Amino acid sequence: MERITKNYKGSRFSSYNIEVTEFYNFRIFMRGFINNEYATTCFEADDIFQIELSEYKKTKAVVVLGKDEENNQISIYLPEFDVAEVQEYVDRVKKEKEKDEEEKITRAQKRKEEAIEYQKREEEILLFVKEQYHDIKDSEPVYIFEENDDYVTFMYIDKAKSITIKSVNKLKKEMVASTVKYEHIHYYEKAGAIHYVTDFNVEYQTQLLAGSFVPGKLKLTPAVVGGLIFGPMGMAVGAMMGYESSHFDILDSPQRTEINSKINKIDDRSIILNYYSEKHKQYMDIELPQETYNLLQTHLAEKKYDIVLEAEKRKYVSDMNRDPSVQRIEEAPKTRIEDKKMSLEEFEVAAKKLKIMFENNLISEEEFTTQKMKLFDHI
(Lines give C-alpha, C1' and ligand atoms only; values in the text may rest on other atoms or scores of the structure.)
Protein backbone atom coordinates (compact mmCIF):
# COMPACT_ATOMS: atom_id res chain seq x y z
CA MET A 1 0.00 0.00 0.00
CA GLU A 2 1.05 3.58 -0.60
CA ARG A 3 2.54 5.76 2.08
CA ILE A 4 0.49 8.76 3.33
CA THR A 5 2.66 11.70 4.35
CA LYS A 6 1.68 15.11 5.67
CA ASN A 7 3.88 18.07 6.52
CA TYR A 8 3.30 19.69 9.87
CA LYS A 9 4.91 22.99 10.79
CA GLY A 10 5.16 22.98 14.52
CA SER A 11 6.59 26.47 14.71
CA ARG A 12 8.19 29.11 12.59
CA PHE A 13 11.47 27.23 12.53
CA SER A 14 10.36 23.55 12.74
CA SER A 15 8.74 21.17 10.25
CA TYR A 16 7.75 17.51 10.71
CA ASN A 17 6.80 14.66 8.41
CA ILE A 18 3.70 12.90 9.70
CA GLU A 19 3.37 9.43 8.16
CA VAL A 20 1.06 6.44 7.99
CA THR A 21 2.33 3.43 6.04
CA GLU A 22 2.02 -0.34 5.99
CA PHE A 23 4.92 -2.20 7.54
CA TYR A 24 5.77 -5.87 6.99
CA ASN A 25 3.31 -8.60 7.99
CA PHE A 26 0.27 -6.26 8.07
CA ARG A 27 1.62 -3.90 10.70
CA ILE A 28 0.91 -0.17 10.46
CA PHE A 29 3.78 2.22 11.00
CA MET A 30 2.92 5.74 12.24
CA ARG A 31 5.12 8.79 12.77
CA GLY A 32 3.63 11.61 14.86
CA PHE A 33 3.61 12.88 18.41
CA ILE A 34 3.51 10.69 21.51
CA ASN A 35 3.41 12.49 24.85
CA ASN A 36 4.31 15.73 23.03
CA GLU A 37 7.43 14.17 21.51
CA TYR A 38 8.07 13.50 17.82
CA ALA A 39 8.20 9.70 17.73
CA THR A 40 7.21 6.54 15.87
CA THR A 41 5.24 3.42 16.75
CA CYS A 42 3.95 0.29 15.08
CA PHE A 43 0.51 -1.27 15.55
CA GLU A 44 -0.99 -4.59 14.55
CA ALA A 45 -4.05 -3.72 12.44
CA ASP A 46 -6.32 -5.54 14.92
CA ASP A 47 -4.75 -3.71 17.89
CA ILE A 48 -6.04 -0.28 16.82
CA PHE A 49 -9.29 0.21 18.69
CA GLN A 50 -9.99 3.95 18.40
CA ILE A 51 -9.50 6.63 15.71
CA GLU A 52 -11.00 10.05 16.39
CA LEU A 53 -10.64 13.71 15.55
CA SER A 54 -8.75 15.89 18.00
CA GLU A 55 -6.26 18.76 18.15
CA TYR A 56 -2.55 18.97 18.67
CA LYS A 57 -1.29 22.40 19.72
CA LYS A 58 -4.32 24.10 18.17
CA THR A 59 -3.89 22.18 14.90
CA LYS A 60 -6.46 19.72 13.61
CA ALA A 61 -5.18 16.19 14.25
CA VAL A 62 -6.26 12.57 14.37
CA VAL A 63 -5.51 10.67 17.54
CA VAL A 64 -5.02 6.90 17.22
CA LEU A 65 -5.34 4.74 20.31
CA GLY A 66 -4.02 1.19 20.32
CA LYS A 67 -1.48 -1.31 21.68
CA ASP A 68 2.08 -1.37 20.40
CA GLU A 69 4.22 -4.49 19.81
CA GLU A 70 5.15 -4.59 23.51
CA ASN A 71 1.45 -4.54 24.44
CA ASN A 72 1.63 -1.00 25.83
CA GLN A 73 -1.35 1.31 25.27
CA ILE A 74 -0.25 4.17 23.04
CA SER A 75 -1.93 7.37 21.85
CA ILE A 76 -0.29 8.99 18.83
CA TYR A 77 -1.35 12.33 17.36
CA LEU A 78 -1.24 12.82 13.59
CA PRO A 79 -1.59 16.54 12.75
CA GLU A 80 -3.09 17.50 9.38
CA PHE A 81 -4.70 14.05 8.94
CA ASP A 82 -8.42 13.31 8.52
CA VAL A 83 -10.21 10.56 10.42
CA ALA A 84 -11.65 9.13 7.20
CA GLU A 85 -8.33 8.63 5.45
CA VAL A 86 -6.71 7.02 8.52
CA GLN A 87 -9.75 4.79 9.09
CA GLU A 88 -9.82 3.77 5.41
CA TYR A 89 -6.11 2.95 5.52
CA VAL A 90 -6.51 0.78 8.63
CA ASP A 91 -9.58 -0.99 7.16
CA ARG A 92 -7.71 -1.83 3.97
CA VAL A 93 -4.84 -3.38 5.93
CA LYS A 94 -7.35 -5.43 7.96
CA LYS A 95 -9.02 -6.70 4.78
CA GLU A 96 -5.67 -7.66 3.27
CA LYS A 97 -4.82 -9.51 6.47
CA GLU A 98 -8.16 -11.35 6.44
CA LYS A 99 -7.63 -12.24 2.77
CA ASP A 100 -4.12 -13.52 3.52
CA GLU A 101 -5.42 -15.65 6.41
CA GLU A 102 -8.12 -17.12 4.17
CA GLU A 103 -5.49 -17.93 1.55
CA LYS A 104 -3.33 -19.55 4.23
CA ILE A 105 -6.28 -21.72 5.29
CA THR A 106 -6.94 -22.63 1.63
CA ARG A 107 -3.28 -23.47 1.05
CA ALA A 108 -3.14 -25.53 4.23
CA GLN A 109 -6.25 -27.44 3.18
CA LYS A 110 -4.79 -28.01 -0.27
CA ARG A 111 -1.52 -29.28 1.23
CA LYS A 112 -3.50 -31.60 3.47
CA GLU A 113 -5.47 -32.97 0.51
CA GLU A 114 -2.25 -33.36 -1.51
CA ALA A 115 -0.63 -35.17 1.42
CA ILE A 116 -3.60 -37.56 1.64
CA GLU A 117 -3.49 -38.11 -2.12
CA TYR A 118 0.27 -38.64 -2.02
CA GLN A 119 -0.05 -41.13 0.83
CA LYS A 120 -2.76 -42.97 -1.07
CA ARG A 121 -0.61 -43.10 -4.20
CA GLU A 122 2.42 -44.27 -2.21
CA GLU A 123 0.37 -47.07 -0.66
CA GLU A 124 -0.87 -48.12 -4.12
CA ILE A 125 2.69 -48.07 -5.47
CA LEU A 126 3.97 -50.06 -2.48
CA LEU A 127 1.22 -52.64 -2.98
CA PHE A 128 1.97 -52.86 -6.72
CA VAL A 129 5.71 -53.33 -6.12
CA LYS A 130 4.99 -55.90 -3.41
CA GLU A 131 2.85 -57.86 -5.87
CA GLN A 132 5.84 -58.14 -8.19
CA TYR A 133 7.64 -60.09 -5.48
CA HIS A 134 4.70 -62.42 -4.73
CA ASP A 135 6.05 -65.28 -6.88
CA ILE A 136 9.45 -65.17 -5.14
CA LYS A 137 9.86 -67.57 -2.27
CA ASP A 138 11.73 -66.50 0.85
CA SER A 139 14.47 -69.02 0.12
CA GLU A 140 15.12 -67.72 -3.40
CA PRO A 141 18.03 -65.27 -3.80
CA VAL A 142 17.21 -61.75 -4.99
CA TYR A 143 19.56 -59.03 -6.21
CA ILE A 144 18.29 -55.43 -6.63
CA PHE A 145 20.08 -53.65 -9.48
CA GLU A 146 18.62 -50.19 -8.80
CA GLU A 147 15.77 -48.67 -6.85
CA ASN A 148 14.55 -45.09 -6.62
CA ASP A 149 11.24 -43.26 -6.39
CA ASP A 150 10.41 -44.09 -10.02
CA TYR A 151 11.87 -47.52 -10.77
CA VAL A 152 13.06 -50.75 -9.24
CA THR A 153 14.94 -53.42 -11.19
CA PHE A 154 15.82 -56.75 -9.61
CA MET A 155 16.89 -60.28 -10.46
CA TYR A 156 16.12 -63.55 -8.73
CA ILE A 157 16.94 -67.24 -9.17
CA ASP A 158 14.03 -69.63 -8.60
CA LYS A 159 14.11 -73.23 -7.41
CA ALA A 160 14.34 -74.45 -11.01
CA LYS A 161 17.52 -72.31 -11.28
CA SER A 162 15.98 -70.09 -13.92
CA ILE A 163 16.96 -66.41 -13.85
CA THR A 164 14.22 -63.76 -13.95
CA ILE A 165 14.86 -60.03 -14.32
CA LYS A 166 12.02 -57.61 -13.56
CA SER A 167 11.86 -53.86 -14.15
CA VAL A 168 9.01 -52.07 -12.38
CA ASN A 169 7.85 -48.54 -13.22
CA LYS A 170 6.31 -47.41 -9.95
CA LEU A 171 4.67 -44.26 -11.24
CA LYS A 172 3.03 -45.88 -14.27
CA LYS A 173 2.47 -49.16 -12.41
CA GLU A 174 4.02 -51.11 -15.25
CA MET A 175 6.25 -54.17 -15.11
CA VAL A 176 8.48 -55.84 -17.69
CA ALA A 177 9.91 -59.29 -16.95
CA SER A 178 12.31 -61.57 -18.77
CA THR A 179 13.17 -65.14 -17.78
CA VAL A 180 16.10 -67.28 -18.89
CA LYS A 181 15.42 -70.96 -18.26
CA TYR A 182 18.15 -72.99 -16.62
CA GLU A 183 18.57 -75.25 -19.64
CA HIS A 184 19.14 -72.20 -21.86
CA ILE A 185 21.89 -70.73 -19.66
CA HIS A 186 25.19 -71.47 -21.38
CA TYR A 187 27.69 -69.83 -19.02
CA TYR A 188 28.60 -66.68 -17.13
CA GLU A 189 32.01 -65.03 -16.81
CA LYS A 190 33.70 -61.87 -15.60
CA ALA A 191 34.38 -59.12 -18.13
CA GLY A 192 36.04 -55.70 -18.13
CA ALA A 193 38.67 -54.37 -15.77
CA ILE A 194 39.65 -51.48 -13.52
CA HIS A 195 41.51 -48.68 -15.33
CA TYR A 196 43.43 -45.75 -13.93
CA VAL A 197 43.57 -42.54 -15.94
CA THR A 198 45.87 -39.68 -15.02
CA ASP A 199 44.62 -36.10 -15.49
CA PHE A 200 47.31 -33.42 -15.68
CA ASN A 201 46.72 -29.73 -15.03
CA VAL A 202 49.59 -27.54 -16.19
CA GLU A 203 49.86 -23.94 -15.04
CA TYR A 204 52.66 -21.91 -16.59
CA GLN A 205 54.00 -18.36 -16.74
CA THR A 206 55.89 -17.13 -19.80
CA GLN A 207 58.41 -14.34 -19.23
CA LEU A 208 58.14 -11.43 -21.68
CA LEU A 209 61.01 -9.20 -22.80
CA ALA A 210 60.00 -6.57 -20.25
CA GLY A 211 60.47 -9.10 -17.47
CA SER A 212 56.81 -9.65 -16.55
CA PHE A 213 55.13 -13.07 -16.62
CA VAL A 214 51.95 -13.97 -18.54
CA PRO A 215 49.97 -16.81 -16.87
CA GLY A 216 48.28 -19.71 -18.68
CA LYS A 217 46.68 -23.10 -18.04
CA LEU A 218 46.58 -26.47 -19.87
CA LYS A 219 44.79 -29.75 -19.21
CA LEU A 220 46.64 -32.65 -20.84
CA THR A 221 46.29 -36.39 -21.19
CA PRO A 222 49.06 -38.71 -19.90
CA ALA A 223 50.41 -39.38 -23.42
CA VAL A 224 50.67 -35.66 -24.25
CA VAL A 225 52.37 -34.75 -21.00
CA GLY A 226 54.61 -37.79 -21.23
CA GLY A 227 55.72 -36.88 -24.75
CA LEU A 228 56.23 -33.17 -24.12
CA ILE A 229 57.87 -33.28 -20.74
CA PHE A 230 59.03 -36.79 -19.85
CA GLY A 231 59.84 -38.25 -23.26
CA PRO A 232 59.09 -41.87 -24.31
CA MET A 233 58.62 -42.95 -20.69
CA GLY A 234 55.71 -40.53 -20.27
CA MET A 235 53.04 -43.15 -19.70
CA ALA A 236 55.22 -44.99 -17.18
CA VAL A 237 55.92 -41.76 -15.29
CA GLY A 238 52.19 -40.98 -15.25
CA ALA A 239 51.46 -44.40 -13.76
CA MET A 240 54.27 -44.11 -11.23
CA MET A 241 52.80 -40.93 -9.76
CA GLY A 242 50.62 -43.08 -7.53
CA TYR A 243 46.99 -42.82 -6.55
CA GLU A 244 47.33 -39.43 -4.88
CA SER A 245 47.73 -36.05 -6.51
CA SER A 246 51.33 -35.21 -7.48
CA HIS A 247 52.91 -31.76 -7.84
CA PHE A 248 56.23 -30.41 -9.06
CA ASP A 249 57.68 -27.21 -10.56
CA ILE A 250 60.07 -26.56 -13.44
CA LEU A 251 61.89 -23.30 -12.73
CA ASP A 252 65.18 -23.46 -14.67
CA SER A 253 63.86 -21.63 -17.73
CA PRO A 254 62.21 -18.33 -18.73
CA GLN A 255 58.96 -20.25 -18.55
CA ARG A 256 57.76 -21.23 -15.07
CA THR A 257 55.69 -24.42 -15.12
CA GLU A 258 53.61 -26.04 -12.39
CA ILE A 259 52.15 -29.51 -13.01
CA ASN A 260 49.48 -31.22 -10.91
CA SER A 261 48.33 -34.76 -11.57
CA LYS A 262 45.40 -36.77 -10.29
CA ILE A 263 44.69 -40.48 -10.75
CA ASN A 264 41.05 -41.29 -11.58
CA LYS A 265 39.73 -44.81 -11.12
CA ILE A 266 37.43 -46.16 -13.83
CA ASP A 267 35.71 -49.44 -12.98
CA ASP A 268 33.98 -51.03 -15.99
CA ARG A 269 33.85 -54.58 -14.65
CA SER A 270 30.68 -56.56 -15.31
CA ILE A 271 29.34 -60.10 -15.65
CA ILE A 272 28.42 -61.57 -19.05
CA LEU A 273 25.61 -64.12 -19.01
CA ASN A 274 25.54 -66.14 -22.23
CA TYR A 275 22.22 -67.87 -22.98
CA TYR A 276 20.26 -69.35 -25.86
CA SER A 277 17.39 -67.20 -27.10
CA GLU A 278 14.40 -69.13 -28.36
CA LYS A 279 13.08 -65.97 -30.02
CA HIS A 280 16.25 -65.22 -32.01
CA LYS A 281 17.38 -68.86 -32.34
CA GLN A 282 20.94 -68.05 -31.30
CA TYR A 283 23.17 -67.50 -28.29
CA MET A 284 23.09 -63.98 -26.83
CA ASP A 285 24.75 -62.05 -24.00
CA ILE A 286 23.29 -60.15 -21.05
CA GLU A 287 25.54 -57.74 -19.16
CA LEU A 288 24.97 -57.83 -15.40
CA PRO A 289 26.52 -55.80 -12.56
CA GLN A 290 29.74 -57.28 -11.20
CA GLU A 291 28.07 -57.68 -7.77
CA THR A 292 25.92 -60.50 -9.19
CA TYR A 293 28.96 -62.75 -9.62
CA ASN A 294 28.90 -64.13 -6.08
CA LEU A 295 25.14 -64.76 -6.37
CA LEU A 296 25.61 -66.73 -9.60
CA GLN A 297 28.62 -68.58 -8.26
CA THR A 298 26.68 -69.62 -5.17
CA HIS A 299 23.54 -70.86 -6.93
CA LEU A 300 24.74 -71.65 -10.48
CA ALA A 301 28.31 -72.80 -9.86
CA GLU A 302 28.10 -75.38 -12.63
CA LYS A 303 27.45 -72.63 -15.20
CA LYS A 304 30.72 -70.83 -14.53
CA TYR A 305 32.64 -70.36 -17.78
CA ASP A 306 35.73 -72.42 -16.85
CA ILE A 307 33.60 -75.35 -15.67
CA VAL A 308 31.39 -75.24 -18.77
CA LEU A 309 34.43 -75.07 -21.05
CA GLU A 310 36.04 -78.07 -19.38
CA ALA A 311 32.77 -80.04 -19.58
CA GLU A 312 32.43 -79.23 -23.26
CA LYS A 313 36.00 -80.37 -23.89
CA ARG A 314 35.27 -83.71 -22.24
CA LYS A 315 32.07 -84.01 -24.26
CA TYR A 316 33.96 -83.39 -27.52
CA VAL A 317 36.48 -86.11 -26.68
CA SER A 318 33.72 -88.50 -25.58
CA ASP A 319 31.74 -87.86 -28.76
CA MET A 320 34.82 -88.50 -30.89
CA ASN A 321 35.52 -91.74 -29.09
CA ARG A 322 31.96 -92.92 -29.77
CA ASP A 323 32.10 -91.89 -33.44
CA PRO A 324 32.54 -95.13 -35.51
CA SER A 325 34.31 -93.29 -38.30
CA VAL A 326 36.84 -91.87 -35.85
CA GLN A 327 37.35 -95.27 -34.24
CA ARG A 328 38.06 -96.80 -37.64
CA ILE A 329 40.66 -94.18 -38.33
CA GLU A 330 42.56 -94.81 -35.07
CA GLU A 331 44.48 -97.64 -36.67
CA ALA A 332 43.83 -96.92 -40.33
CA PRO A 333 46.14 -93.91 -40.62
CA LYS A 334 49.15 -95.90 -39.42
CA THR A 335 48.72 -98.47 -42.20
CA ARG A 336 47.89 -95.84 -44.77
CA ILE A 337 50.72 -93.60 -43.75
CA GLU A 338 53.24 -96.40 -44.11
CA ASP A 339 51.77 -97.29 -47.53
CA LYS A 340 51.45 -93.60 -48.36
CA LYS A 341 47.78 -94.17 -49.11
CA MET A 342 44.68 -92.54 -47.52
CA SER A 343 41.19 -92.21 -48.88
CA LEU A 344 39.46 -88.83 -49.01
CA GLU A 345 36.91 -90.00 -46.42
CA GLU A 346 39.62 -91.13 -44.03
CA PHE A 347 41.50 -87.85 -44.52
CA GLU A 348 38.35 -85.82 -43.72
CA VAL A 349 37.68 -87.75 -40.50
CA ALA A 350 41.30 -87.53 -39.34
CA ALA A 351 41.45 -83.79 -40.10
CA LYS A 352 38.20 -83.22 -38.17
CA LYS A 353 39.53 -85.07 -35.15
CA LEU A 354 42.84 -83.18 -35.29
CA LYS A 355 41.08 -79.81 -35.53
CA ILE A 356 38.76 -80.50 -32.56
CA MET A 357 41.67 -81.62 -30.39
CA PHE A 358 43.63 -78.47 -31.21
CA GLU A 359 40.73 -76.05 -30.69
CA ASN A 360 40.05 -77.54 -27.27
CA ASN A 361 43.72 -77.34 -26.19
CA LEU A 362 44.16 -81.11 -26.09
CA ILE A 363 47.31 -80.89 -28.24
CA SER A 364 49.83 -78.09 -28.66
CA GLU A 365 50.20 -75.96 -31.76
CA GLU A 366 53.48 -77.72 -32.57
CA GLU A 367 51.83 -81.15 -32.38
CA PHE A 368 48.93 -79.89 -34.47
CA THR A 369 51.28 -78.60 -37.19
CA THR A 370 53.28 -81.85 -37.23
CA GLN A 371 50.21 -84.08 -37.50
CA LYS A 372 48.68 -81.81 -40.13
CA MET A 373 51.77 -82.08 -42.35
CA LYS A 374 51.71 -85.88 -41.97
CA LEU A 375 48.10 -85.92 -43.19
CA PHE A 376 48.97 -83.80 -46.22
CA ASP A 377 51.94 -86.04 -47.04
CA HIS A 378 49.89 -89.23 -47.01
CA ILE A 379 46.67 -88.35 -48.76
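Start by selecting helix α7, residues 344-359: its 16 residues reach 22 Å from the first C-alpha to the last, close to the 22 Å expected at 1.5 Å a residue. That expected span is 1.5 Å times one less than the number of residues, and helices (H or I, at least four residues) and strands (E, at least two) are DSSP runs numbered from the N terminus.

Before moving on, a word on what you are viewing. This is a predicted model, in which local features need pLDDT of at least 70 and side-chain atom pairs count only at pLDDT 80 or more, while totals for chains, interfaces and linings use all residues. Residues are numbered from 1 along each chain as its sequence is written, and side-chain values use heavy atoms, with hydrogens and water left out.

Stay on α7 and show its side chains. Glu346, Phe347, Val349, Ala350, Lys353, Leu354 and Ile356 are buried (buried is under 20% relative accessible area, exposed over 50%, partly exposed in between; 1.4 Å probe, protein chains only). Just after α7, click on Asn361, which takes a positive phi of about 60°.

Next come the salt bridges: there are 14 in the whole structure, each a side-chain nitrogen of Lys or Arg within 4 Å of a carboxyl oxygen of Asp or Glu. Select Lys173 and Glu124, whose closest N and O atoms are 2.9 Å apart. This pair links distant parts of the chain, 49 residues apart: Lys173 is in the loop between β9 (163-169) and β10 (174-180), and Glu124 is in helix α1. Lys173 is partly exposed at 37%, and Glu124 is partly exposed at 33%.

Now pick Lys170 and Glu147, a salt bridge with its closest N and O atoms 3.3 Å apart. Lys170 sits in the loop between β9 and β10 and Glu147 in strand β7 (residues 142-147), so the pair ties together parts 23 residues apart in sequence. Here Lys170 is buried at 10% relative accessible area, while Glu147 is partly exposed at 46%.

Then select Arg27, Glu44, Asp46, Glu69 and Lys97, which salt bridges with shared partners join into one network.
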